[in-house]
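Please keep the sequence and the model open while reading.

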Amino acid sequence: MQVGDLVELSSAGSKNQQNMAVYGKIGLLVQINKDQYPYIVEWYGVDTALSNHGGLSKNLLPCKRYELKKVRSK
């Protein structure tokens, strides 16, 4: 996975309660760090009422690799 990829939650990421605010949304991978949650994703279409849930700040949410998958065109 590279910076600039469109991503969505994987099935494992969908089961995680911290990701509830971005369930069913599409995000853009904007940064990869060497932290505990290395993938920083900017999510689109997020409900602002849920934006503070799970550490989501300014539509950015840090994730682990297993929580994400690339968006496939249909």
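Which pattern does the protein chain follow, read along the sequence? The pattern is β-α-β-β-β-β.

## Basis of the model

The model is predicted: local features need pLDDT of at least 70, side-chain atom pairs count only at pLDDT 80 or more, and totals for chains, interfaces and linings use all residues. Residues are numbered from 1 along each chain as its sequence is written, and side-chain values use heavy atoms, with hydrogens and water left out.

## Overall layout

The protein chain has one helix and five strands; helices (H or I, at least four residues) and strands (E, at least two) are DSSP runs, numbered from the N terminus. Of its 74 residues, 30% count as buried, where buried means under 20% relative accessible area, exposed over 50%, and partly exposed in between (1.4 Å probe, protein chains only).

Among contacts (heavy atoms within 4.5 Å) between residues at least 6 apart in sequence, 54% join residues at least 24 apart.

## Pairing of strand β1

Strands pair if DSSP finds at least two bridges between them. β1 runs antiparallel to β2 (residues 26-32), with two bridges joining them; here Val7 stands opposite Gly27. β1 is also antiparallel to β5 (residues 68-70), through three bridges, and Leu9 has Leu68 as its bridge partner there.

## The nonpolar core

A nonpolar core is a set of buried Ala, Val, Leu, Ile, Met, Phe, Trp, Tyr and Cys residues joined through side-chain atoms within 4.5 Å. The largest one has 12 residues, including Val7, Leu9, Trp43 and Leu68. Two or more residues come from each of β1, β3 (39-44) and β4 (60-63), and β3 gives the most, with three. In soluble globular proteins, nonpolar side chains tend to be buried together.

Leu68 touches Val7, Tyr39, Val41, Trp43 and Cys63, among others, not counting residues up to four places away in sequence. Ser10 is also one of its contacts.

## Ser10

Ser10 lies in the loop between β1 (6-9) and α1 (11-15). Is this residue buried or exposed? Ser10 counts as buried because its relative accessibility is 11%. Leaving out residues up to four places away in sequence, Ser10 touches Tyr66, Glu67, Leu68 and Lys69.
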